[in-house]
Amino acid sequence: MEGLIVWLIITLVKILVILGIVLGVGAYLTLVERKVAAHIQRRPGPMVVGWHGLLQPLADGIKLLTKEDLFPRYGNRFLYNLALVMALVPATLVFAVVPFGPEFKVFGVEVKPILTDVNVGLLLVFALGSMAVFAIALAGWASNSKYALIGSMRKAGIVVSYEVVITFAVMGPIILAGTLSTYEIVQKQIEQELWYIWLQPLAFVVYMFALLAETGRVPFDVQEAEAELVTGFTVEYGGMKFGLFPLVEWYIEVLSLSAIAVVLFLGGWSPINIPFLGFVDPLFFLGPLSPFVWFILKVSLLFLFVLWLHWTLPRYRIDQITETAWKVMLPLTFVNLVLTAVIAPVLWG
Amino acid sequence: MVKKVFEKPLSWIERIFFLDFVRGLSITIRQAFRRTITTHYPYEKLTPPKRFRGFFGHKVVDGNEPQPAFEEWVERFKIQVEPGKSRCVVCMLCKRACPVPQLFEIEGEKLPDGRRRVSLFNMNMMLCTFCGFCVDACPVDCLFQSDIHETAGYTRKDSVLDLQTLERIGRDWQRRREEEPDRIWIDDYQRQRLWYENNPHLPEVKR
């Protein structure tokens, strides 16, 4: 009985911490994105609210919350609101299987900094990732607007093609680790003293492309396409409902997929890796905190890289995107899969 | 003849290592760490060039009137010349030149000693296109366009410039910018002064 209560308390605390971090960070990533975009275009970005615009997300939140709740005529109100829930919930649920660091002890209780260490963690991630397409399709359909519908159909086309690609791309690390649990994959990388990016560079590149496509980042942002579609499926949403879609798509999903990429390819919370030789930890002075710092550092660097790509590249056409997915990316992942399946037993018997 | 330019197709090396991406990314990262070039508008303002076509004003009598035109017009209309007041001689040439003449409302009055002066000069800026024909038409260099470009107001009444406002703008202008040359070239030190907020590094002029 006592064990159950302790477990419940720990889980509740974990949920609160993860939700707080994810939603709070998600809000502040809007500021990061605006600052990065601005500086790439040689603007200073938001400067007025707070020091260098630090309070801008709060101001935006208040502004969005006080706006009128508009609803398009002849839209479907149930689906319209359901799309919001369908967008937010799977995107945040992915963080349930993201391991933030190694096991540690608090008050004599072993705590794993991961909400649920299920042994099919990665399967859960990609199952939830493919739920995103429903939210967007529903949002486009329920809005009763042609722009929104075109945007959501484009997004559905992209996600359907890249869902296949991403699943085959992560097959390589799964074979190398021999497990689907995210926590175990990181443990395996630490035991084998090898980040899987060194053996799977192809899979990593394909994964990054699929990440950009699934989250609707440039060069695959045809479903937004400000110039043609006036921001696609969100066009009929207003106020905080409008604010929620980019928050989920551009920040929470990018964050969760970057975290998964770090877990799969960059060794989770492990420090810098020299293949087959060991780990070098320039942050050793942080002691037990250093794994967490490494994890956050890697995820944020990956996120900044995605932002950097976003504000550099032009946009592909929808046919080019799906063509790349089916004709280039998918065969490449097959080749990668076969090679990995041959190499993995040779390396680790 | 049209010159056709074709993009060179990417080589296989470029495709495999995303060299086109890398080139673009290197450009953006270099820009990202350079100084920003924004003017923070409500807090910092650029001074427009002197030829800017902004709000109108009346230059006042200060001894710099264009001669002999001013003397001739004063003679013809028997205008009361008063230092510090508008140079206007009520010739109505501005209203004639205007494509929307009803925006001008000009009246003169006769003083007890038989001389005349302008008593009413309203310009309704709601109708104005800022074409500057009235400025070209003015024979005594009275009506002019200033560098005031923040012209928003809270009521329609605010957009009507009356004689007092025009004179105030004119006095202010004559104090600030009368001495400047009308045209500013790229190698002019005046230009340096205008854009001083950006602290630009303009090429040194060799003379």
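Colleague: Is the crossing of α5(A) and α8(A) left-handed or right-handed?

Modeller: The crossing of α5(A) and α8(A) is left-handed (the near helix is turned anticlockwise from the far one by less than a right angle, whereas clockwise would be right-handed). Keep in mind that this is a predicted model, in which local features need pLDDT of at least 70 and side-chain atom pairs count only at pLDDT 80 or more, while totals for chains, interfaces and linings use all residues. Residues are numbered from 1 along each chain as its sequence is written, and chains are lettered from A and ligands numbered from 1 in the order in which they are written.

Colleague: At what angle do α5(A) and α8(A) pack, and how far apart are their axes?

Modeller: Helix α5 (residues 146-169) and helix α8 (residues 201-215) of chain A pack at about 155°, with axes 9 Å apart; helices are DSSP runs of H or I with at least four residues, and strands are runs of E with at least two, numbered from the N terminus. Axes are lines fitted to C-alpha atoms, for helices over the stretch in contact, and angles run from 0 to 180 degrees between N-to-C directions. The angle therefore makes α5(A) roughly antiparallel to α8(A) (over 145 degrees).

Colleague: Which residues meet there?

Modeller: From α5(A) they include Ile158(A), Tyr162(A) and Ala169(A), and from α8(A) they include Val206(A), Tyr207(A) and Glu214(A), where contact requires C-beta atoms, placed from the backbone, to lie within 7 Å. By class, this contact of α5(A) with α8(A) has 11 nonpolar, no polar and one charged residues (Ala, Val, Leu, Ile, Met, Phe, Trp, Tyr, Cys and Pro are nonpolar, Asp, Glu, Lys and Arg charged, and the others, Gly among them, polar).

Colleague: Switching to chain B, how many helices and strands are there?

Modeller: Chain B has seven helices and five strands, and along the sequence they follow the pattern α-α-β-α-α-β-β-α-β-β-α-α.

Colleague: How do β2(B) and β3(B) pair?

Modeller: Strand β2 (residues 104-110) and strand β3 (residues 116-124) of chain B pair in the antiparallel sense over seven bridges, pairing being at least two DSSP bridges between two strands. One of the bridges has Glu109(B) with Arg117(B) as its partner in β3(B). The two strands form a hairpin with five residues between them, and in the turn Gly114(B) has a positive phi of about 90°.

Colleague: What else does β3(B) join?

Modeller: Two bridges join β3(B) to strand β5 (residues 160-161) of chain B, and these strands run antiparallel, with Val160(B) as the partner of Asn124(B).

Colleague: And how many residues does each chain bring to the contact between A and B?

Modeller: Chain B brings 12 residues and chain A brings 10. The side of chain B that touches chain A divides into five nonpolar, six polar and one charged.

Technical notes. Contact = placed C-beta atoms within 7 Å. Parallel < 35°, antiparallel > 145°, perpendicular 65-115°, else oblique.
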